[in-house]
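Please open the model in a viewer and keep the selection panel at hand.

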Amino acid sequence: MDLYNHLLYVDVTNHCNLNCEFCMYTEERKNNPLNLKLNSFSKENLSRIINDSSTERVIISGEGEPFNNKETVFEILNLSQGNKNIQILTNGLWILDNHNE
């Protein structure tokens, strides 16, 4: 794979636990709800890209709160063989509400 300083950005959901009035994704969420589910083909491809030496960062996010789809977040984290900068863009509320899970 010919990548250099590659950034992988994975949107795992558009479901949000906030209802901000100014949010530009409100209508999209209503009309096209999304929770990404990984099949074996997706996992193989993601694993290959995540663990490629040219992939420097992986960002897990979405047009909503990624921990509303925590199963997929943890599946993606488990695909990494280590030594990767993996970031999760979150509003932090799920973590505060579910800190014992």
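The stops below describe what each selection shows. This is a predicted model, in which local features need pLDDT of at least 70, side-chain atom pairs count only at pLDDT 80 or more, and totals for chains, interfaces and linings use all residues. Residues are numbered from 1 along each chain as its sequence is written, and side-chain values use heavy atoms, with hydrogens and water left out.

**The sheet.** Select the three strands, which form an open sheet in the order β1-β2-β3 with parallel pairing. The edge strands, each pairing on one side only, are β1 (6–13) and β3 (85–88). From one strand to the next the twist averages 15°. Strands are DSSP runs of E (at least two residues) and helices runs of H or I (at least four), numbered from the N terminus; two strands pair if DSSP finds at least two bridges between them.

Next, select β2 (residues 55–62), which is joined to β1 by seven bridges. T13 stands opposite G62 in β2.

**The helices.** Axes are lines fitted to C-alpha atoms, for helices over the stretch in contact (heavy atoms within 4.5 Å), and angles run from 0 to 180 degrees between N-to-C directions.

Finally, select L46. Which residues does L46 touch, not counting residues up to four places away in sequence? They are L8, V10, L38, I76 and L79.
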